[in-house]
Amino acid sequence: MKLKEIIDDLLFPKGLYCITCGKYIDNTRTYCLCDHCIRHMSFGSRDLECGEYLDKASAAMGYGLYERRIVFNLKYDGKTYLAPIIADILYDSLMERLYSGKDCPYTDADLIVPVPVHEYRLRERGFNQTEKIAKHLSAKLSIKMDGLSLKRVKHTDAQRALSAEERAENMESAFNVPPDRIQKIKGKKIILLDDIFTTGATAFSCAKTLKEAGAEKIYLLTLLSAGNRHHLMIK
C-alpha cells in the first residue's frame with residue numbers, strides 16, 4: 001500500500017463519511033453512502049450495446065449526478081480509497097445477474113483487463129483508476145488481473161466534449177497488445193473493466209485490439225452507463 005493510500009485510510013476511514021457528499025455516517029451504511037445519496041442512485045445490472053467485438057457488456061449503475069460523483073472523486077480528486085467500494089458495487093451487480101438467472105459469463109473469465117490510460121495521463125494523474133478497481137475486483141472474484149497486456153499507445157483528446165463519431169475516430173488505433181504479451185491473452189476469456197460507458201468507443205477499440213491479438217471472449221464490465229439509449233435494465 002502506498003503512503004498516500006495509508007494517509008487516506010487514516011483521514012477517511014471506511015464507513016465514517018458518505019463517499020459522495022461527505023456527510024457523517026456509521027459503518028452499517030451500504031457502500032458508505034448516506035440515506036439521501038443512496039436514494040438518488042440507480043443501482044442494478046443493465047445490459048449495454050456490444051458492437052462487433054464484445055461478447056457481453058453490462059453496467060452496475062446508471063449515470064446521474066450522484067453516481068458520477070463516485071467515479072469523479074476517484075478519477076479526478078485522487079480519492080483512491082474509493083476503489084474497493086466500487087469493486088464491491090461491481091461484484092454485487094454480477095452476483096445479482098448470477099442469482100437472478102440472467103446471463104453472467106463474467107464468473108467464468110480467465111483474466112480481468114482494466115482499460116489502460118496513456119503514460120502521459122498516468123504521469124499527470126499518478127494512477128489508473130480502473131486498474132485500482134480491478135485489483136480489488138480480482139481478489140473478490142478470484143480472477144487474475146492483467147494490467148500489462150493492453151497498452152494505450154495513442155494520447156487522445158478528452159472524450160467528454162466529443163460526438164459519437166468523433167469519439168470513435170479518437171479511439172482509432174489507440175491501443176495495442178505488446179508482442180511479448182500475446183501468448184498471455186491468446187484463447188482467454190477476458191473481463192474488460194472500465195468506469196463509464198457512454199458511446200462505447202473506448203470499449204469497442206479495446207475489444208477489437210484484444211480479439212485481433214487472439215482473445216477468445218471479451219466481457220465488458222463498467223460501473224456507470226451514461227445515456228438511456230445504451231442500456232437495458234435487467235428485470
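These legends accompany a few close-up views of a predicted model.

Local features are described where pLDDT is at least 70, side-chain atom pairs count only at pLDDT 80 or more, and totals for chains, interfaces and linings use all residues. Residues are numbered from 1 along each chain as its sequence is written, and side-chain values use heavy atoms, with hydrogens and water left out.

**View 1. Strand S7 (residues 189-197) is mostly covered.** Of its 9 residues, 8 are buried, where buried means under 20% relative accessible area, exposed over 50% and partly exposed in between (1.4 Å probe, protein chains only). Helices (H or I, at least four residues) and strands (E, at least two) are DSSP runs, numbered from the N terminus.

**View 2. S7 pairs with S3 and with S8.** Strands count as paired if DSSP finds at least two bridges between them. Strand S3 (residues 111-114) runs parallel to S7, joined by 4 bridges; here Ile 112 stands opposite Ile 191. Strand S8 (residues 217-225) is also parallel to S7, with 8 bridges, and Leu 193 has Leu 221 in S8 as its bridge partner.

**View 3. S7, helix H9 (residues 201-212) and S8 form a right-handed β-α-β unit.** Right-handed means that, with the strands pointing away from the viewer, the path from the first strand over the helix to the second runs clockwise.

View 4. A disulfide is a pair of cysteine sulfur atoms within 2.5 Å, and the whole structure has 0 of them. Cys 21 is partly exposed, with a relative accessible area of 40%, while Cys 206 is buried at 0%.
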